Amino acid sequence: MDDIYKDLQKHTDSVLGGIEPSFKLLYEDVTLDNIIFTGYDLNGAEFYDVIFNDCDFTDVYLSLAGLDGSEFNNCIFKNNTFRKGKCEYTTFKSTNIENIDSFRTEYCYSAFYDTKISNSEIFRGYFDESVFSNVVFENIKFIECTFLECKFDNVKFINCGFDDFEFDGSENLDQVVFENITVINMNKDYKKKDSYRKLD
């Protein structure tokens, strides 16, 4: 993977209208170790079924990026814009996600293990049929988000706001900890079920 930084620079130049206007960044079925993506623009880049180990995505623009089927192990996401992206069947393990601006990005059929997501806004984020184990959501604003038929194990939502959301069909929702939560426009069908832990 010695050429990864060359490819990242070409893609960034292409996105910003530089010397490689026709370059398209596409990686599939490879493993990337200890790559620092900071300083590069991943707008529209595609990484399918890629394993990322100990990679740093701090300050990287990710809108329209495709990450389907990829796995992130001990990675860092911080100060990212991830709008209209593709992130289905994706796995996050021991990964920190902080200050992400996520809009209309789908995370369905994904898995989150030993991960913390904090200080972010997720608008129209769809997490349906995903698995969450040892996960903390803290200081997150969820707007029009769905967690349909998810599986929860040791999950906490702390200082989060929910505006128009659904948790229908999710497992172990009664064991999820909701602490200092603000709720606006709860999905009325779900509200009738009253199957979640009391929001303090």
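Biologist: Great. What kind of model is this?
Modeller: It is a predicted model.

Biologist: How many helices and strands does the protein chain have?
Modeller: The protein chain has two helices and 14 strands.

Biologist: And what percentage of the residues is buried?
Modeller: Of the 200 residues in the protein chain, 47% are buried.

Biologist: Among contacts between residues at least 6 apart in sequence, what share joins residues at least 24 apart?
Modeller: That share is 7%.

Biologist: Okay, helices next. How many residues are in α1, and how far does it reach?
Modeller: Helix α1 covers residues 4–15, which is 12 residues. From first C-alpha to last, α1 spans 16 Å, close to the 16 Å expected at 1.5 Å a residue.

Biologist: Which residues of α1 are buried?
Modeller: I4, D7, L8, H11, T12 and S14 are the buried ones in α1. Those residues lie on the same side of α1, because they cover an arc of only 160° around the axis.

Biologist: Why would residues a few places apart point the same way?
Modeller: An α-helix has 3.6 residues a turn, so residues three or four places apart point the same way.

Biologist: Nice. What covers the buried residues of α1?
Modeller: The cover includes β1 (26–28) and β2 (31–33).

Biologist: And what comes just after α1?
Modeller: G17 does, with a positive phi of about 80°.

Biologist: Switching to strands: which way do β9 and β10 run, parallel or antiparallel?
Modeller: β9 and β10 (residues 131–146) run parallel, joined by 11 bridges. One example is T115, whose bridge partner in β10 is V135.

Biologist: Now the rings. How many aromatic pairs are there?
Modeller: The structure holds 43 aromatic pairs. Take F127 and F147: their ring centres are 4.8 Å apart and their planes are at 5°, so this pair is stacked.

Biologist: Where do those two sit in the chain?
Modeller: F127 is in the loop between β9 and β10, and F147 is in the loop between β10 and β11 (151–158).

Biologist: Are they buried or exposed?
Modeller: F127 is buried, at 2% relative accessibility, and F147 is buried too, at 0%.

Biologist: What about S110, buried or exposed?
Modeller: S110 lies in the loop between β8 and β9. Its relative accessibility is 3%, so S110 counts as buried.

Biologist: What does the side chain of S110 reach?
Modeller: The S110 side chain reaches the backbone nitrogen of T90, at 3.1 Å. Beyond its neighbours within four places in sequence, S110 is in contact with residues including C87, Y89, E129 and V131.

Biologist: Last one: where is N180?
Modeller: N180 is in the loop between β13 (177–179) and β14 (182–184). Its side chain makes a polar contact with the side chain of N159, at 2.5 Å. N180 and N159 are 21 residues apart in sequence, while their C-alpha atoms are 5.0 Å apart in space.

Methods:
Residues numbered from 1 in each chain as written. Predicted model: local features only at pLDDT ≥ 70, side-chain atom pairs only at ≥ 80, totals over all residues. Heavy atoms only, no water. Helix = DSSP H or I, 4+ residues; strand = E, 2+ residues; numbered from the N terminus. Polar contact = N/O pair within 3.5 Å; in protein donor to acceptor, adjacent residues only side chain to side chain. Pairing = 2+ DSSP bridges. Phe/Tyr/Trp six-rings, centres within 6.5 Å; stacked < 30°, edge-to-face > 60°. Buried < 20%, exposed > 50% of the residue type's maximum accessible area, 1.4 Å probe, protein only. Expected span 1.5 Å × (residues − 1). Arc of directions from axis to C-beta. Contact = heavy atoms within 4.5 Å.
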